[in-house]
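Trainee: I have the sequence and the structure open. Can we go through some local features together?

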Amino acid sequence: MEDLKTLSADQLPTVPSGVTALVEEDQQPAHKILIELIEDLDKRREVMRKIEAIEDINQASDDRKQEKIQLWADRLEKDPRTITRWLEKAEKEGLASIARATRSDAGQIKGNKRWKHSIQYWTEFILKTYNDGIKAKLGMTPNLVNNQVKSYAELELGLKQGEYPSHPFVYKILEPLIEKKNRKVRNPGQGPGIIIKVTSGKKDGKWVEEDIEVIRSNQVWQIDHTRLDNLLSDEKGDLAGSVWITAVIDTWSGCVMGYHLSFDSAGSHEVALALRHAILQKYYGPEYQLQKEWEVCGLPEYIVTDRAKEFKSAHLKHIASDLGIKLRLRLYTEQGGIVERLFLELKTEFAALMLGFKGGSLKERPEDAEKYACIVFEDYDRKLVRHFVDHHNQHLYPKVPNQTRLMRWKAGLLGSQPKMPASERELDLCLMKTTTRKVEERGCINFEKLVYTASLSRDQDGHWQYDKKANFLKDYEGKKVLVRYNPTNIIYVLVYTVEENDQPSKFLGTIRARDLTEERLSLKEWEDRKAQMRREGKAIDQSSILAQQRDLYMSSVEQSKTLKGRRKKENNRITKKSEHSDKVVQLYPPRPSPSNATLDAISDSEASSSTEAPSKNSQSTPKPSKIRVKPALYNSETAPLIEAPSEDLQSTPKLPKIQVKPALYVVSDCDEFVEDRW
């Protein structure tokens, strides 16, 4: 083979004098002679391993050559592309080029004549950028420093590529400061085509395999979530924790289609909200400081996820069915590499540059990470949007160096336009959080201790004011309605009619929280605000209230003890001022007024039973008989009274006195009884 042939002296310009004679005399290969001239034993051993690898790979068959390259790359902890370059160099220049003696200036940092500033200037800038980031507890990496060098040179100094250091120079400067990590073997990918192996579920206990060939934009979206590596704070500066992101990626272009942030761990609801954000067109105000537009949108044909339970929920299946989307599960973990690559980018190129960076593990966690947590949720969300719009989607697509991700998404659309839903109302199902509420007066609804009203409109200055005519819930006052809300912003909620008789609910309108002035407030922030108010309320001294209540109770109890036995129970009597005070009450059951004959019979009966009863013509007054009458419920308006005998009846003897026991007396107006003891 050419790499094993003996070289002549004129082919070895780096060989010192005296070596030529050895070559002519012993006819040894040149690379062996050069190896013997290396004094450093570690360097000599390294060169020998290189040559051993090249010879072993060259002796392998063509179908096993790639396998040998990978094997030696693992042994030498090198990238397979490095081994390939060795092979190409040995094939062109021979093995002697691999064993060539080290240059005299090896190890020295060298610059470029085209640079507008000196090597010392750029070295100081690189070291200062790295050290300042470390002091700020940022997750600095050589790539982040290189991005800062490139941004500073092009945006602030106005330099062009080649007039400032490239990434190898930056990496060389930082090499002594950064611990070298063993690089994992990279997956070379699938080549020009993209094929995803998925499954739609199990059949007869086995996964049903399916291959999807991705050939256009919005054909296959992939969804996944992870916790971001920053600690956030609330409005008062207290630690709020880190957030979860649910991201939606277009497989064909790699564009971020949409996302959703939440403090709670991601579930089916967060997946639905991220999907809704990805489908709709996106508009952002000047506070986001965007230089580009977030143009990606539309409905996908497939959604591919892992096998987590939130991706197999009935809610997500319902949404996919209504929107005509096919749900598939990844058959192998490697099929989700495009989403994992985004999460790695968010860690190294976004979270690492934000204050409050906590790293992905305890080993990566900076000291006092909580001390630097000063970014609130709204600011973090705005910065994340800018990263997606101005950074990620504007990056060159890895396999097409002359096309950005956004350009590739536009070029890959079927018909040059994304497929959109008929209206935003079709996506309201993604707002999974629903509740039933009763509509009060003025179109008001109570929800989460907030009053929402439909009787609001904006004045000329844009301020909300009460407007009776704007109440579109007037016909539903006193009735129940269905409320759908987005937990990330509860300032506005959607109102629907309740489903009845298998009829779908009807959208009525949007109502606003009456007593809040801000335009955005998440449910988590509102709950934290309520909890803070409760804590502050408990801290207020209210012992006087308890003391007053206790003293009032105890004094009443003690006073009641002194009243026992003081007053005897008295029969209730008719008051003097009552219009019935001179009349006898007729008791239950009601009877007609007794006739004279009846009264005479009663008198005769009493007279015969008494031993000392006087005669009928006697002038002495007979002893009145006692008639026991049962108590009865008496109504003064309906029951007649027993009238006293008329004084004109001289022939009729006097009626006996009837003793009537107290009875419950019902009157229409209690004001006629003025005494307290009635």
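Mentor: Start with a term: a residue counts as buried when its relative accessible area is under 20%. Keep in mind that this is a predicted model.

Trainee: Is F350 buried or exposed, and at what relative accessible area?
Mentor: The cut-off for buried is under 20%. F350 falls in that class, so F350 is buried, with a relative accessible area of 6%.

Trainee: How many aromatic pairs are there?
Mentor: Rings of Phe, Tyr and Trp pair if their centres lie within 6.5 Å. By this rule the count is 15 aromatic pairs.

Trainee: Which class does the pair of W294 and F388 belong to?
Mentor: The ring centres of W294 and F388 are 6.1 Å apart. Their planes stand at 50°. Planes under 30 degrees apart would be stacked and over 60 edge-to-face.

Trainee: What are the relative accessible areas of W294 and F388?
Mentor: Buried means under 20%. W294 is buried at 5%. F388 is buried too, with a relative accessible area of 0%.

Trainee: Which class does the pair of F350 and Y380 belong to?
Mentor: The ring centres of F350 and Y380 are 5.5 Å apart. Their planes are at 65°. Over 60 degrees is the edge-to-face range. So the pair is edge-to-face.

Trainee: Which helices does the pair of F350 and Y380 tie together?
Mentor: F350 and Y380 are 30 residues apart in sequence. Y380 is buried, with a relative accessible area of 0%. F350 lies in α11 (residues 337-350) and Y380 in α12, so the helices tied together are α11 and α12.

Trainee: How do α3 and α4 run relative to each other?
Mentor: The axes of α3 (residues 41-59) and α4 (residues 62-76) come within 9 Å and cross at roughly 165°. Angles over 145 degrees count as roughly antiparallel. Therefore α3 is roughly antiparallel to α4.

Trainee: How many charged residues does the contact of α3 with α4 have?
Mentor: From α3 come R49, E52, A53, D56 and I57. From α4 come K65, K68, I69, W72, R75 and L76. By class, there are 5 nonpolar residues and no polar ones, and the charged residues number 6.

Trainee: What is phi of K449?
Mentor: K449 is in the loop between β13 (444-447) and β14 (450-453). K449 is exposed, with a relative accessible area of 72%. Most residues other than glycine have a negative phi. In K449 phi is positive, near 60°.

Trainee: Which residues does P418 contact, leaving aside its neighbours within four places in sequence?
Mentor: P418 is in the loop between α13 (405-411) and β12 (434-438). P418 is buried, with a relative accessible area of 18%. Contact means heavy atoms within 4.5 Å. With those neighbours set aside, the contacts of P418 are N218, C297, G298, W409 and L413.

Notes:
Residues numbered from 1 in each chain as written. Predicted model: local features only at pLDDT ≥ 70, side-chain atom pairs only at ≥ 80, totals over all residues. Heavy atoms only, no water. Helix = DSSP H or I, 4+ residues; strand = E, 2+ residues; numbered from the N terminus. Buried < 20%, exposed > 50% of the residue type's maximum accessible area, 1.4 Å probe, protein only. Axes fitted to C-alpha atoms, helices over the stretch in contact; angles between N-to-C directions. Parallel < 35°, antiparallel > 145°, perpendicular 65-115°, else oblique. Nonpolar A, V, L, I, M, F, W, Y, C, P; charged D, E, K, R; others polar. Phe/Tyr/Trp six-rings, centres within 6.5 Å; stacked < 30°, edge-to-face > 60°.
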